[in-house]
Amino acid sequence: MKLSALHQSYLNRRSNSFRSPTSVDSSVDGSGKSLIALFWLILHCLCCLISLLLGFRFSRLVFFFLFSTSSTTTNLYSAPFRPDLPVKHLDVHTLGRRLDPGAATNNFTVASTTKSSRVVVGRHGIRIRPWPHPNPVEVMKAHQIIERVQKEQKSVFGVKRSKMVIAVTPTYVRTFQALHLNGVMHSLMLVPYDLVWVIVEAGGATNETASIIAKSGIRTIHVGIDQRMPNTWEDRSKLEVFMRLQALRVVKEEKLDGVVMFADDSNMHSMEFFDEIQNVKWFGTVSVGILAHSGNAEEMVLSMDKRKEMEKEAEEESSLLPVQGPACNSTDQLVGWHIFNTLPYAGKSAVYIDDVAAVLPQKLEWSGFVLNSRLLWEEAENKPEWVKDFGSLNENEGLESPLSLLKDPSMVEPLGSCGRQVLLWWLRVEARADSKFPPGWIIDPPLEITVAAKRTPWPDVPPEPPTKKKDQMPLSQGDNTVVVIPKQQQHSTKIRKPKRRSKRNKHEPKLTDTTQVSSSSSKRQERN
Amino acid sequence: MKLSSLVLIFIVCNLTFSTISAFRLSRSQPTERISGSAGDVLEDDPVGRLKVFVYELPSKYNKKILQKDPRCLNHMFAAEIYMQRFLLSSPVRTLNPEEADWFYVPVYTTCDLTPNGLPLPFKSPRMMRSAIQLIASNWPYWNRTEGADHFFVVPHDFGACFHYQEEKAIGRGILTLLQRATLVQTFGQRNHVCLKEGSITVPPYAPPQKMQSHLIPEKTPRSIFVYFRGLFYDVGNDPEGGYYARGARAAVWENFKDNPLFDISTEHPTTYYEDMQRAIFCLCPLGWAPWSPRLVEAVIFGCIPVIIADDIVLPFADAIPWEDIGVFVDEKDVPYLDTILTSIPPEVILRKQRLLANPSMKQAMLFPQPAQPGDAFHQVLNGLARKLPHERSVYLRPGEKLLNWTAGPVADLKPW
């Protein structure tokens, strides 16, 4: 449809340019039309021949420019980048002409309008400024605008009166404590509401934990209990329950007013979680995604394969992420809970904290529940009757889940569009029992010995000399790459060689590819 | 005594209503009242202010065409079809032509589609001419005024010029028979041949259900600064560049393709509507014609439209203060678009967003079925009502002829 746009553009441009108003206006005449057509055909053939000679498409625009007078101003704009056109085109095709708007006589109007439009039809140049790249000052301004708009959005659509968030975290000093606690700390630092962080530590309140949480800048209450954290997962979760209850007692005594959530130190929270819990009235529950796999990649792959097989056999839809949370009927009312299915892991779950096996959650994890702190107070107005009095709770009975705090579990509010949104993820990963870590994860003073990594080519090692021994292995060969050290430096490396060999010997039994081991050892013998 | 107390009550009521309306808190966002150059007319009710008579044309002018190609119901020119359906069941319709203020001719000129879905305008002048001949011979009302109290819906690219190419459209000009009628069209550009004085500019048709089904929660933070999806170069029809969009779209691409603030590309993602709701500014540059459905989409999704089209006339320009709502950028200023947009003060941006959030603004851009109060159909009727009463000069003396029935290209005179 628009194929002959260019064709028409030439005719029309001629008709509305004030330079050559005469020749084409008569084209309306019938005989003139056929003459023009013939002329156009000849011109087209000429251009085709020239294109054949030159090797690229030769535009008829050139004739137009050649035969025009230079009285009009030509504005040369920088060339647009067209990846599909070859580069040679650019000087011919990108000349943009902006016909002088005011002076052009309008020959094309049928109805004689006196005003002429400021806008002219035809080819225009593509304007590109001299440095078409982002200006950092403007990027900064734009970000400030975005921030202002989002602040306005939040004030209009977000929560009108925000409640304080009370985060309860049981922790203890161990290798991965810094990893987990920093994660939770950074999440809590991003929360846009008032926050109090109650940290209960097993084994007493230590300076290590205090130094980690001091970096947060949020209001913290650091409580220690004397018992040490036991070594099995089951006992650990029992102690954690005890620690959480301690924290709730602190909340009750301090009369903190807000929403209590349980931020276990290895959990991961999304920011939407904190927005959602603002909606809780008394006692709410959210869906928790369970990441039950341990750090063992092989076992994870095996279990995934097994699960795929099971899926194919049983033809049942099992979601890839097990979720613990409220179950609702079609009218969004709470009817029960989804809990974690422990059957696939029977007998294979971790018992001790450093076992290399899947760590399973409890039936109902505490982190999936939030409650209004007024439930814990002694006297609070409008306290519902379906809540047990916290002060008279007997812990020795053992609290399985936060639902034991309530007389009537059906009054719990499901949050996160009735549990459809997974707002936090549960994970337990701990290091080996014999793992050592420097206090505060700071190595002070710095180590004296630096050992070269086997595979890294050091920049100050000169390249291989052109005369190679036959038995020297090439640099990149499978797992056992050897940095070939040239002869000049052997005196310095002689000390190192036995060490490396000994290290390699130590690691040999663990290599899975035994053939390579034998080849490397044989080659080493050859060299020596 | 009674009179003064009544007057007092009246004044008090006025004051309370004006303060309430100044900052009307709808269910969620505070919005601002929209008053254009014609006043606060977006919520006017046209019922009772005008009467429209709908001609009963043979179905070959409307229904049969639609049966041949039902795609006409969904493309952006569908306003002509829905206008007829609305008028047939509207309270402004009258079956007595003697009392009618306006006459409507339901002829679907934009329904001859290519396999791709683009309308071909080549037969439209003949179809229009044939329809007018029919009504001129069967009813006396056309000859009475030579069409000055008739209105037609011509939603094609360049309105009643009936061509998709601007130069050809300018060459043809508005169809001579429609020179005195009121045209309801989507095209609008100041001082252009194809925009007649007194025309009513309407937005292009955008499917309301489709847009409503893609709404996301309003509290989703707007994190994209500038958003645009569409062509920058039309390689098929304009291989050398500089012709399509008068080079403006290409300039946007060349200047801002590596700017992280500008989320622009030619891909058509499935989350197009959702992304618009996450953007602060949406570019609405011209294409082959200055108007586009992007304006409607930007208004519905609360994204401030950045209009890059010189001298464009936007829909319902006398009822909607587009200068306060959108940002107008001259085509020559496109290389400095980032400077222009970042130098707008945040209060102005927030005010524009409040104006856009006004539900009457969103309603005025849509053609819902069935019609709802304040929608585009009603705005068209409001516009027609504002042109009443007709001047004396509209009515011709008997025997007087102002239109030349044989003017125009020869091909147009053939029967349809």
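In chain B, strands β4 (residues 102-104) and β5 (residues 150-153) run parallel and are joined by two bridges. B:Y104 of this region stands opposite B:F151 in β5(B). The model is predicted.

The two strands belong to an open sheet of five strands in chain B, with the order β3-β4-β5-β6-β7. Pairing in this sheet is parallel. Its edge strands are β3 (52-54) and β7 (200-201), each of which pairs on one side only.

Over all chains, the structure holds 30 aromatic pairs. One of them is formed by A:F273 and A:F274. The arrangement is edge-to-face, with 5.5 Å centre to centre and 65° between the planes. A:F273 has 1% relative accessibility and therefore counts as buried. A:F274 is also buried, because its relative accessibility is 0%; the cut-off for this class is under 20%.

Chain B contains an aromatic cluster made up of B:F53, B:Y55, B:F103, B:W139 and B:Y141.

A:R174 lies over the face of A:Y172, at 4.5 Å from the ring centre.

A further feature of chain A comes from the record. UniProt, in an unreviewed entry, places a "transmembrane region" at residues 35-54. In the model, this span is 100% helix and 0% strand. Its end C-alpha atoms lie 29 Å apart.

Terms used: Residues are numbered from 1 along each chain as its sequence is written. Chains are lettered from A and ligands numbered from 1 in the order in which they are written. This is a predicted model: local features need pLDDT of at least 70, side-chain atom pairs count only at pLDDT 80 or more; totals for chains, interfaces and linings use all residues. Side-chain values use heavy atoms; hydrogens and water are left out. Rings of Phe, Tyr and Trp (its six-membered ring) pair if their centres lie within 6.5 Å; planes under 30 degrees apart count as stacked, over 60 as edge-to-face and the rest as tilted. Buried means under 20% relative accessible area, exposed over 50%, partly exposed in between (1.4 Å probe, protein chains only). A charge sits over a ring if NZ of Lys or CZ of Arg is within 6 Å of the ring centre and within 35 degrees of the ring normal. UniProt positions are given in the numbering used here, feature names are shortened, and annotations may be inferred rather than shown by experiment. Helices (H or I, at least four residues) and strands (E, at least two) are DSSP runs, numbered from the N terminus. Two strands pair if DSSP finds at least two bridges between them.
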